[in-house]
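Hello,

Here is the structure we talked about handing over. Please open it first, then read my notes below.

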Amino acid sequence: QVQLIESGGGLVQGGGSLRLSCVASGRTFSSLVMGWFRQAPGKEREFVAAIRGDGDATAYGYSVDGRFTISRDNSKNTVYLQMNSLQPEDTALYYCAAGHFFGGTYDYWGQGTQVTVSS
């Protein structure tokens with residue numbers, strides 16, 4: 001079993017930045033693919049970014065590519081999402097997720113952290 005706890009959400013002005021963190025416990029963190037997803041009210045959940053266990057491969061959703069950066073620190077069991085040039089359309093509940101295969105499904109999910117971007 002893997003427990004995921006997100007933090008770092010909040011209210012930011014358009015054009016600003018935030019960094020989300022997600023701490024994992026319960027398994028060997030470096031073996032897990034970690035991902036970020038988001039869901040805005042009335043919309044479907046959207047893939048944001050993913051990173052392989054060794055950190056050498058990443059993937060991004062088209063709407064955030066070039067603005068967001070995913071990274072991880074396996075010594076701290078933590079994955080990060082650096083979000084720059086935030087826009088009101090980035091407002092959503094952001095979830096951390098963990099899986100076993102890069103490009104595959106995710107088996108474990110956090111509770112989410114709210115990001116609100118004002119115009």
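Start with aspartate 65. It is exposed, because its relative accessible area of 54% is over the 50% cut-off. Keep in mind that this is a predicted model. Aspartate 65 sits in the loop between strand S6 (58–60) and strand S7 (68–73). Its C-alpha atom is 8.6 Å from that of alanine 49, and the two residues are 16 apart along the chain.

Now the inside. In soluble globular proteins, nonpolar side chains tend to be buried together. The largest nonpolar core here has 29 residues. Those touching the most other members are Leu4, Met34, Trp36, Val79, Leu81, Met83 and Tyr94. Several strands each supply at least two residues of this core: S3 (18–25), S4 (33–39), S5 (46–51), S7, S8 (78–83), S9 (92–99) and S11 (113–118).

Leaving out residues up to four places away in sequence, leucine 81 touches Leu18, Arg19, Leu20, Trp36, Val48, Ala49, Phe68, Thr69, Ile70 and Tyr94. Another core, of five residues, lies apart from the largest one. Its members include Phe37, Ala50, Ala97 and Tyr106.

Next, the charged pairs. How many salt bridges does a search of the whole structure find? The count is four.

Take arginine 38 and aspartate 90. They form a salt bridge, with the closest N and O atoms 2.9 Å apart. Arginine 38 lies in strand S4 and aspartate 90 in the loop between S8 and S9, so the pair ties together parts 52 residues apart in sequence. Both residues are buried. For aspartate 90, the relative accessible area is 0%.

Aspartate 90 also meets arginine 67 in a salt bridge, at 2.8 Å from N to O. This pair links distant parts of the chain, 23 residues apart: arginine 67 is in the loop between S6 and S7, aspartate 90 in the one between S8 and S9. Is arginine 67 buried or exposed? Arginine 67 counts as buried because its relative accessible area, 18%, is under 20%.

These bridges belong to a network of salt bridges that links Arg38, Glu46, Arg67 and Asp90.

One more pair: the side chains of aspartate 54 and arginine 52 meet in a salt bridge, 3.0 Å from N to O. Aspartate 54 is partly exposed, at 47% relative accessibility. Arginine 52 is partly exposed too, with a relative accessible area of 34%.

Best wishes

How values were computed. Residues are numbered from 1 along each chain as its sequence is written. This is a predicted model: local features need pLDDT of at least 70, side-chain atom pairs count only at pLDDT 80 or more; totals for chains, interfaces and linings use all residues. Side-chain values use heavy atoms; hydrogens and water are left out. Helices (H or I, at least four residues) and strands (E, at least two) are DSSP runs, numbered from the N terminus. Buried means under 20% relative accessible area, exposed over 50%, partly exposed in between (1.4 Å probe, protein chains only). A nonpolar core is a set of buried Ala, Val, Leu, Ile, Met, Phe, Trp, Tyr and Cys residues joined through side-chain atoms within 4.5 Å. Contact means heavy atoms within 4.5 Å.
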